[in-house]
Amino acid sequence: MNNIAVMYHYIRGQNGWSGIIPLSPQDFSHQIDTLSRTYDIISLDQMYKPRSRPWCILTFDDGTKDQYTNAFEILKRKGVPAYFTVMSGPLVLGIIPVMHLVHTVLSFVTDEEIWELIRSKHDTTGIEEASTIYSYELNRLRRYNKYMLNVKLTTQESIEILGSMFDSLFPNRSEFIDNFYLTEGEIKQMHSEGMTIGVHCHKHEPYCGDPQQFYDREIKPCRDYLMKVLGGEPEWYTPAFGGGVNHVLMKEQLTSILLAKGFKGAFTTTSKEVPKKPGFWIDRIDCSTLMRVNIR
Ligand SMILES: [Zn+2]
C-alpha cells in the first residue's frame with residue numbers, strides 16, 4: 001500500500017456561505033480517525049523515516065481562518081501533525097485574490113444579478129459548452145458565473161465585476177481579512193505547537209511561464225513574510241492552483257530555483273498516491289474524493 005498526501009481547503013460549516021464547498025469539522029474529524037486506521041499520519045520531516053505502515057500527510061491550502069478555528073483545534077485534540085500554507089497578499093497588501101472575491105460574492109449575491117452584470121459587459125458566446133468544467137455545480141447560472149470569473153475574464157476584468165459587489169457586502173476590507181485569514185499571531189501559534197508552515201503564494205496566481213519572474217512575484221514575498229513572522233526559512237511550497245494550466249512547465253522550470261532557496265519539497269494537485277521514495281514534487285488527493293477512492 002502506498003503513502004498519500006491529502007489536500008484540504010475550507011474546514012467549516014456552510015453557515016450561509018453558499019459560494020464555497022467546505023468539509024464540515026465533523027467530517028474532517030471522522031476522516032482523520034478513518035485515515036489513522038490505515039496510515040501513520042506524519043509531519044513532513046518524518047517522510048524519509050522507515051516505518052511498517054504507509055504514511056499520510058495532511059495539507060491545507062489558502063490559510064483561511066477556519067483552518068485555525070476548526071482544523072487546528074481538532075488536530076491538537078487528536079495529537080496529529082499537519083502542513084499549512086500561507087497566502088501573504090491579503091496579510092501584507094490588504095489584497096483579496098479573485099478566487100476569494102468569487103467565493104464571497106457568490107455566497108451573498110444572487111447568480112441572476114451577477115450573470116446580468118457579466119453579460120452586459122462581456123462576450124459570453126459558447127458559455128454552455130465551456131462551463132461544463134463546473135458540472136458539479138447544479139445551478140446553470142452558477143456554472144456560467146464561475147467559468148467567466150475564474151477562467152474566461154482577466155484578473156482585472158473579474159475584479160471590476162466583483163469589487164463593488166464585495167465592497168457593499170464587506171465595506172471594511174481589513175476587518176474582512178482579519179476575520180477570513182490566519183493572522184500573524186495564529187500562524188506563530190500553529191507553528192510553535194508543531195504544525196509545519198509553508199509558502200502557498202502572494203496573490204494566488206497560476207504559473208506564468210517565467211520561473212524567475214514567478215518566484216519574485218508569487219513566492220519571494222510570501223517566503224519573506226514567513227521569515228519575518230517565524231524567524232526561519234520556510235522549507236515547503238504549495239503552488240496556487242497546483243501551478244494551473246502550465247503546471248508541467250512549472251515543475252521543469254521552477255525546481256532548481258526552489259532548491260537553491262532551500263525548499264525541501266513541494267505539493268501538486270495531481271490526484272495520485274505517493275511512492276515509497278517521494279521526489280521533490282509530491283502529489284495530493286483531494287479530501288472530497290478520498291473517501292470514495294482510498295478508504296473503504
Ligand atoms: Zn490556493
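Threonine 104 counts as buried, at 0% relative accessibility; buried means under 20% relative accessible area, exposed over 50% and partly exposed in between, with a 1.4 Å probe and protein chains only. The residue is found in helix α4, which covers residues 98–108. Helices (H or I, at least four residues) and strands (E, at least two) are DSSP runs, numbered from the N terminus. Not counting residues up to four places away in sequence, threonine 104 touches Trp17, Phe166, Leu169, Phe170 and Phe176, where contact means heavy atoms within 4.5 Å.

The model is predicted: local features need pLDDT of at least 70, side-chain atom pairs count only at pLDDT 80 or more, and totals for chains, interfaces and linings use all residues. Residues are numbered from 1 along each chain as its sequence is written, and side-chain values use heavy atoms, with hydrogens and water left out.

## Overall architecture

The chain contains 13 helices and nine strands. Its C-alpha atoms fill a box of roughly 60 × 40 × 35 Å, taken along the principal axes. The radius of gyration of the chain is 19 Å, in agreement with the value near 19 Å for a compact globule of 296 residues; this radius is taken over C-alpha atoms, and the globule rule is 2.2 Å times the number of residues to the power 0.38.

Of the 296 residues in the chain, 52% are buried. Among contacts with a separation of 6 or more, 69% are between residues 24 or more positions apart. The chain exposes about 13500 Å², and carbon and sulfur atoms supply 51% of that area; accessible areas come from the Shrake-Rupley method with a 1.4 Å probe, and for residues only the protein chains shown count as cover.

The chain carries 32 positive and 35 negative side chains, and the centres of the two sets lie 6 Å apart. Lys and Arg count as positive and Asp and Glu as negative, while His and the chain ends are not counted. The place of a charge is taken as NZ of Lys, CZ of Arg, CG of Asp or CD of Glu.

A search of the whole structure finds 17 salt bridges, each defined as a side-chain nitrogen of Lys or Arg within 4 Å of a carboxyl oxygen of Asp or Glu. One of them joins aspartate 40 to arginine 51, with the closest N and O atoms 3.1 Å apart. This pair links distant parts of the chain, eleven residues apart: aspartate 40 is in strand β2 (residues 40–41), and arginine 51 is in the loop between β2 and β3. Aspartate 40 is partly exposed at 21% relative accessibility, and arginine 51 is partly exposed at 26%. Asp40 and Arg51 are also linked with Arg53 in a network of salt bridges.

## Salt bridges within helices

In helix α10, glutamate 184 and lysine 188 lie four residues apart, about one turn of the helix. Their salt bridge has a closest N to O distance of 3.8 Å. Glutamate 184 is partly exposed at 33% relative accessibility, as is lysine 188 at 40%. Helix α10 spans residues 184–192. Lysine 188 is also in contact with Val229 and Leu230, leaving aside its neighbours within four places in sequence. The C-alpha atoms of lysine 188 and valine 229 are separated by 6.9 Å, although the two residues are 41 apart along the chain.

Helix α11 (residues 211–230) holds lysine 220 and aspartate 224, which are separated by about one helical turn because they are four residues apart. The side chains of lysine 220 and aspartate 224 meet in a salt bridge of 2.8 Å, N to O. Lysine 220 has a relative accessible area of 36% and is partly exposed; aspartate 224 is partly exposed at 33%.

Most residues other than glycine have a negative phi. Aspartate 62 has a positive phi of about 85 degrees although it is not a glycine. Aspartate 62 lies in the loop between β3 (55–60) and α2 (65–78), and is buried, with a relative accessible area of 5%.

Phenylalanine 241, likewise not a glycine, has a positive phi of about 55 degrees. Phenylalanine 241 belongs to the loop between β6 (236–237) and α12 (247–260), and counts as partly exposed at 44% relative accessibility.
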